[in-house]
Amino acid sequence: MIKFLILPILLLSSITMFSQVEVKYFNAAWNASNEIKWVDKLSDCDIKKYDIGSKPEDAGKFKVVVVPTILIFQDGEEVERYQADISFKMAATKEELQDYIDELIMSAF
């Protein structure tokens with residue numbers, strides 16, 4: 001009986017590890033031509049989007065100086081930052097970000 005109680009607890013705790021990676025994506029409506037459409041396709045992370053044109057205080061809170069910017073958090077701490085170049089285009093690829101997220105998750109084990 002105890003085995004049946006412990007197994008669900010272990011499963012829930014391992015699922016919780018996956019939700020500890022959060023991606024924060026910053027852009028502005030005036031920069032819609034440089035929107036990163038693949039950000040929604042990142043897996044094993046929570047994704048939150050910010051429009052700093054309508055809420056500039058979000059840019060200040062996270063020290064975002066160029067859009068688009070993608071911040072990756074683990075356990076509430078920023079661990080990586082990807083920023084656009086001077087032409088407001090993101091050089092980082094979906095594969096690069098997904099690889100980084102996967103490494104964060106695997107390092108938790």
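I began with Glu95, whose relative accessibility of 52% makes it count as exposed. I note that the model is a predicted one. Glu95 sits in helix H3, which covers residues 94-107.

I then looked up what surrounds Glu95 in terms of charge. Glu95 belongs to a surface patch of negative charge, together with Glu96, Asp99 and Glu103.

Next entry: the overall layout. I listed three helices and four strands in the chain. Read from the N terminus, the order of elements is α-β-β-α-β-β-α. I also looked up burial for the chain, which has 109 residues, and 35% of them count as buried. For the accessible surface I noted about 7,100 Å², with carbon and sulfur atoms making up 61% of that area. On contacts, I took those with a separation of 6 or more; 59% of them join residues 24 or more positions apart.

Next entry: salt bridges. How many does the structure hold? I found three salt bridges, and I went through them by residue number.

Glu22 and Lys24 form one of them, with 3.3 Å between the closest N and O atoms. Is Lys24 buried or exposed? Lys24 counts as buried, because its relative accessibility is 9% and the limit for buried is under 20%.

Asp40 and Lys49 form another salt bridge, and here the closest N and O atoms are 2.9 Å apart. Asp40 has 47% relative accessibility, so it counts as partly exposed. Lys49 is partly exposed too, at a relative accessible area of 41%.

Glu78 and Arg81 are also bridged, with the closest N and O atoms 2.9 Å apart. I placed both residues in strand S4, since its range is 77-83. Glu78 counts as partly exposed at 36% relative accessibility, and Arg81 counts as partly exposed at 24%.

Next entry: backbone geometry. Most residues other than glycine have a negative phi, and most peptide bonds are trans. I looked for departures from this.

Which peptide bond did I note as cis? The bond from Val67 to Pro68 is cis, with omega near -5°. Pro68 lies in the loop that runs between helix H2 (56-61) and strand S3 (69-74).

Asp75 is not a glycine, yet its phi is positive at about 55°. I found Asp75 in the loop between S3 and strand S4 (77-83). Its relative accessible area is 51%, so Asp75 is exposed.

Phe88 is likewise not a glycine and has a positive phi, of about 65°. Where does Phe88 lie? I located Phe88 in the loop between S4 and H3. With 31% relative accessibility, Phe88 counts as partly exposed.

Last entry: a check on the loops. I have the cis bond ending at Pro68, in the loop between H2 and S3. I have positive phi values at Asp75, in the loop between S3 and S4, and at Phe88, in the loop between S4 and H3.

How values were computed:
Residues numbered from 1 in each chain as written. Predicted model: local features only at pLDDT ≥ 70, side-chain atom pairs only at ≥ 80, totals over all residues. Heavy atoms only, no water. Patch = residues over 30% accessible without salt bridge, like charges linked within 9 Å, V, L, I, M, F, W, Y side chains within 5 Å. Areas by Shrake-Rupley, 256 points an atom, 1.4 Å probe, with all protein chains shown as cover. Salt bridge = Lys/Arg side-chain N within 4 Å of Asp/Glu carboxyl O. Lys, Arg positive; Asp, Glu negative; His and termini not counted. Charge placed at Lys NZ, Arg CZ, Asp CG, Glu CD. Helix = DSSP H or I, 4+ residues; strand = E, 2+ residues; numbered from the N terminus. Buried < 20%, exposed > 50% of the residue type's maximum accessible area, 1.4 Å probe, protein only. Contact = heavy atoms within 4.5 Å.
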